[in-house]
Amino acid sequence: MYVYRYVASPFITLHISTTFGHLSSSTTFTLASAIMPLELHKLSSDEEFPALVDGLWRGYAEPFNGFWEILKGPTQEECTERYKSWHKADPTSHWLYVTDSETKKVVGAMQWNVFETNPYINGPPSLPAYWWPEGPLKEISEQLFAAFFAGRPSKCGQPHVLISYCFTDPKYRHKGVASLAMEWGIHKSEELDLDAFVESTEDGRGFYEAHGFEVLDELHLDAGVDSPSAEFTQRRRELQLPLHGFFMKRRCGANKSA
Ligand SMILES: CC(C)(COP(=O)(O)OP(=O)(O)OC[C@H]1O[C@@H](n2cnc3c(N)ncnc32)[C@H](O)[C@@H]1OP(=O)(O)O)[C@@H](O)C(=O)NCCC(=O)NCCS
């Protein structure tokens, strides 16, 4: 087993060893903190999905995130099955998650997609929101997904690594949780000589900048129809549209400041 182990306190970080190059699917990294011990895991079994998705629901709850609201679906159970099936159907998907080794709870995670060839040769991905019943919420979801994916072929139509999800439980923020999972992807990007990309929320921008990402473009996502129904207008308001974010890139080899 290859172990990334160091001791961290608010005042000192002692780096003992790092061997990311030969990471196997069952590898665990340990960050023994003076405040709380954290462990980084690479998801490798179906059994890990309920705890991962439980973490997703807690991690994205704050601040309100309209894009997550449409992705999470009607129930946590449905969401768990769907995220499991998406991951299993996608050989580019790698879920890294962090647990508090005292409570065993998932306190943060990141999904990295490693595209060794250009995934957008046939155009942007399309995502039908089949988890919602027919109606305004499904319509809005599909318009937002189309707007979200539309820029991908021109902005990252090349082999690359991509952060698709990134969250930390609000109670665990600013303790290095997301940085643990970031290290895995940055190492992969350097190893394969691929640039890294992310569509960031407003809240995530500072975190990505601290890891060498730069803003390439802004994202403004919205949905609309002619003569919207009262429900369409209400859903749009509830989701706090339009959504604003940033398309960001980390050049392979860029220096980190965090
Ligand atoms: C963005 C997020 C994942 C960061 O997670 P985290 O575990 O708190 O991040 P880390 O502790 O590893 O942060 C490392 C460094 O990144 C920077 N950073 C982290 N969050 C930041 C923020 N909100 N604003 C500015 N800089 C930030 C800081 O330099 C931080 O170091 P510091 O704590 O010593 O100041 C977390 O705030 C979150 O889950 N936000 C809500 C969900 C979200 O918007 N995710 C991004 C989706 S694209």
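Me: Which residues of H4 meet which residues of H8?

Reply: In H4, Pro136, Leu137 and Ile140 meet Glu231, Phe232, Arg235 and Arg236 of H8, where contact requires that C-beta atoms, placed from the backbone, lie within 7 Å. By class, this contact has four nonpolar, no polar and three charged residues (Ala, Val, Leu, Ile, Met, Phe, Trp, Tyr, Cys and Pro are nonpolar, Asp, Glu, Lys and Arg charged, the others, Gly among them, polar). The model is predicted, so local features need pLDDT of at least 70 and side-chain atom pairs 80 or more, whereas totals for chains, interfaces and linings use all residues. Residues are numbered from 1 along each chain as its sequence is written.

Me: Why are H4 and H8 called oblique to each other?

Reply: Their axes, lines fitted to C-alpha atoms over the stretch in contact with angles running from 0 to 180 degrees between N-to-C directions, come within 9 Å and cross at roughly 50 degrees. Angles under 35 degrees count as roughly parallel, over 145 as roughly antiparallel and 65 to 115 as roughly perpendicular, the rest being oblique, and H4 and H8 are therefore oblique.

Conventions: Helices (H or I, at least four residues) and strands (E, at least two) are DSSP runs, numbered from the N terminus. Two residues are in contact if their C-beta atoms, placed from the backbone, lie within 7 Å.
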